[in-house]
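Please read it alongside the sequence and the coordinates.

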Amino acid sequence: MTTDLDIAAGVKVPSTALAREATELIRDTTNELIYHHSRRVYFFGSLRGRGRDLSFDPELLYLGAMFHDVGLNEAFHASGRRFEVDSANEAKRFLQAHGVPEDSVRRVWTAIALHTTPGVPEFMEPEVALVTAGVEYDVLGIGYGDLAAEDREAVVALHPRPDFKNRILRAFTDGVRSKPETTFGNVKADVLEHFVPGFERGDFVRTILDSRWAE
């Protein structure tokens, strides 16, 4: 059953049992910052998909959006893996436990794993592209003017973002500070460089030149 809490700017949250269970799981296992952000990613991703006239599966997009940041949870701080991979793996386990077809599982896993890798997801399946588009809109403001102000305001009214910029940066920092090696070559190195004293960014050129190869 769809309620007023599941509709914004003409976009509806899927009313399937799978979507409802995912919503409850994310609400129970993350904080309100990540919960509201994840829901906004779904709404903004859907709206951007509508603007691009993309045909996508709303349920798969919703699942990708809801799970995309669970890897920031404390339980994964010592995993040694990129938080995006931890998030994708959690989604995979959830979907496989519910008998979701493997192609759908793969789409959701890929959408989550690549959501901080700009320049690639946009050329993949719509669900993959739109998780990233939703994240980029909510976190970075990319394409901000592409959505009507009333649509943007409707989403934020449903899922507010008080002091979001600072709070999400703290969440990113806390989520990856214990495994700085996982930021090599990705955007989270910027976060640690700003907020973790003594962090040294990996250098791709230096890594090549200093490798054990003689030539």
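Helix H4 (residues 83–97) and helix H5 (residues 102–113) have axes that come within 8 Å and cross at roughly 160°, which means that H4 is roughly antiparallel to H5 (an angle over 145 degrees). The model is predicted: local features need pLDDT of at least 70, side-chain atom pairs count only at pLDDT 80 or more, and totals for chains, interfaces and linings use all residues. Residues are numbered from 1 along each chain as its sequence is written, and side-chain values use heavy atoms, without hydrogens and water.

**Helix pair**
- The crossing of H4 and H5 is right-handed.
- On the H4 side, the contact (heavy atoms within 4.5 Å) involves Glu-84, Val-85, Ser-87, Ala-88, Asn-89, Ala-91, Lys-92, Leu-95 and Gln-96.
- H5 contributes Glu-102, Val-105, Val-108, Trp-109, Ile-112 and Ala-113 to the contact.
- Nine nonpolar, three polar and three charged residues form the contact of H4 with H5.

**Largest pocket**
- A volume of about 560 Å³ is computed for the largest pocket (an open set of points on a 1 Å grid where a 1.4 Å probe fits, with protein on both sides within 12 Å along at least five of seven lines).
- The lining (residues with an atom within 4 Å of a point) has 28 residues, and Val-135, Glu-136, Val-139, Leu-140 and Phe-172 are the closest to the pocket centre.
- At least two lining residues each come from helix H2 (32–51), helix H6 (126–140), helix H7 (149–158), helix H8 (164–176) and helix H9 (188–195).
- H6 gives the most to this lining, with six residues.
- By class, the lining of the largest pocket has 15 nonpolar, five polar and eight charged residues.

Key:
Axes fitted to C-alpha atoms, helices over the stretch in contact; angles between N-to-C directions. Helix = DSSP H or I, 4+ residues; strand = E, 2+ residues; numbered from the N terminus. Parallel < 35°, antiparallel > 145°, perpendicular 65-115°, else oblique. Left-handed = near helix turned anticlockwise from the far one by under 90°. Nonpolar A, V, L, I, M, F, W, Y, C, P; charged D, E, K, R; others polar. Points joined across faces, edges and corners; volume = space filled by probe spheres on them.
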